[in-house]
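Q: Could you walk me through how to read helix packing in a model like the one below?

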Amino acid sequence: MPRTVAVGEQDFSKIIENQYFYIDKTYFIKEWWENGDTVTLITRPRRFGKTLTMYLLYDFFSVNYACRSDLFAHLDIWKEDRYRKLQGTYPVIFLSFAGVKAASFEEAYTDICGLIAREYRKYAFLLKEERIQIAKGQFMRIMDGVAASVSECKAALVVLSEYLYHYYGKKVIILLDEYDTPMQEAYLNGYWDTFTRFISGLFNLTFKTNPYLERAVMTGITRVSRESVFSDLNNLAVVTTTTKKYVTAFGFTEEEVLEALCEFGLQEQMQNVKCWYDGFRFGTCSSIYNPWSITQFLDEKVLAPYWANTSSNSLVEKLMREAGTEIKTAVEDLLQNKTICVQMDEQIAFQELDVRSDAVWSFLLASGYLKITKYYDIDPVCDRGSSYELAFTNQEVLVAFRRLVQGWFAKQRYEYNGFLKALLTGDLKGMNAYMNQVALSTVSFFDSAKKPSVQAEPERFYHGFVLGLVVDLAGRYRVTSNRESGLGRYDVLLEPCGSGDDGIILEFKVFDATDGEKNLNDTAYAALRQVIDKEYAAGLQTVCGLEHIRIYGFAFCGKEVLIEGGYLKKYRKRY
């Protein structure tokens, strides 16, 4: 009889005590301990067993579990006598930043003080110990979550480490789960600089200059740049998706998945499961399965994009909405199951996400949306970053990403359908009404136009927005943008997949008085003239014929928009 799948349970001891479904990953304890790294940062996509592994380490090493050898008696780690003797012998500090999702620095600071206070409360008995000297006033302030100053909060973990060392006679192990969650929130909510000044001080005292530290493990999705967070933390061993360490400790191998499917009588689904959930690559292992989706499938027995529904994806949404046409064109290739080749650094610099396209790819790779199909080391001659050939990880991610793109525009679903109807029927009045309504109600983009990069290419908002609107036409149309055709590169082209539909070309142009344009009508007609002069319809004409091609010029100045156009044949006669 198959074991019960406890979906979402991340507490190791509860899983073992209740004999829930569990794939033995306890060999990670031995591998990590024998590597001897003082501080280890492990980055893996969300829902890849990071938190469960941290509970595993806590339950194995913590003195609070000294009498719980029963948890490990039937697992791999218990086969070695040396590790039996290590179990339950260290004081362990365990924090998780997974819930620190604050809208302001003050709120984030309060949340982190609260997490540290909870650790202090676990060891409140130290206040009664006569044989160690404790600053009781400070201890009680921190335990109550009201540190006297930021400096006191930064030093709180090293102070607790000292007390535990003197009490137990052993240095401490510190575990910090999801260390980068508050950093993403700081970036999204505009308090990045303030937060990183605080957190880098906390990390430096806790992990760099802490004389009472035995070992430490941090986990997260991203490897945040050393300059912004880790300061001079030169004792840090970083394990990213391309690192050779711990390649099978997070996620399931193909052998493990097949064994699990057999246990549940689902072995005939192996090929479908491989298509949907395989494809993650860590180090030298090119076939790692998403554990969250595998356990969901074992429980539900239905192939579905489970993994994509486990977070808000707010940062991915921001990056895709604000990306330039080059990024959006690459995403179109990915959505068509193609690969892209980019140069990037696996180290994430959040402050550069707005200006460096390679930072976008780094984040999507670290988050699990993309996989590496080929990897080339840094070129010392050209001094260029490492090159990566990337693709969507698997069928689940492909389906999920399409849904995400559609969902980002769901707030205006009724207008959204109206726009497509107007576009498909050639209703210029309806198209203009929709786009002007969007322009009037969209404040954030135009507020951000204070940035030089936005002023230089304002049409990217409309370009990206319209691409998002027409995504629902996939299957009826093949949608491409910024591709070569004729004598230039069109903005957006809709090529019909079957007979009966017109081909459509969209061109975007910002009003420019220096080009002799007197008003938006001149700008719109200049866009139409460019389509004709550059022969953008050359390839499309072979598919659907001249009589079935429509062209539209989108002209805009700030929040004012004008669309002109119709059948190509009509405008070819005019120009």
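A: Start with handedness: a crossing is left-handed if the near helix is turned anticlockwise from the far one by less than a right angle, and right-handed if clockwise. Helices (H or I, at least four residues) and strands (E, at least two) are DSSP runs, numbered from the N terminus. Here H6 crosses H8 in the left-handed sense. Bear in mind that this is a predicted model, where local features need pLDDT of at least 70, side-chain atom pairs count only at pLDDT 80 or more, and totals for chains, interfaces and linings use all residues. Residues are numbered from 1 along each chain as its sequence is written, and side-chain values use heavy atoms, with hydrogens and water left out.

Q: At what angle do H6 and H8 pack?
A: Axes are lines fitted to C-alpha atoms, for helices over the stretch in contact, and angles run from 0 to 180 degrees between N-to-C directions. For H6 (residues 136-143) and H8 (residues 156-168) the angle is about 125 degrees, and the axes lie 12 Å apart. Angles under 35 degrees count as roughly parallel, over 145 as roughly antiparallel, 65 to 115 as roughly perpendicular and the rest as oblique. H6 and H8 are therefore oblique.

Q: Which residues of H6 and H8 meet?
A: With contact meaning heavy atoms within 4.5 Å, Gln138, Phe139 and Ile142 of H6 touch Ala156, Val159, Leu160 and Tyr163 of H8.

Q: How are H5 and H10 packed?
A: H5 (residues 105-122) and H10 (residues 192-208) pack at about 20 degrees, axes 10 Å apart. That makes them roughly parallel, and their crossing is right-handed.
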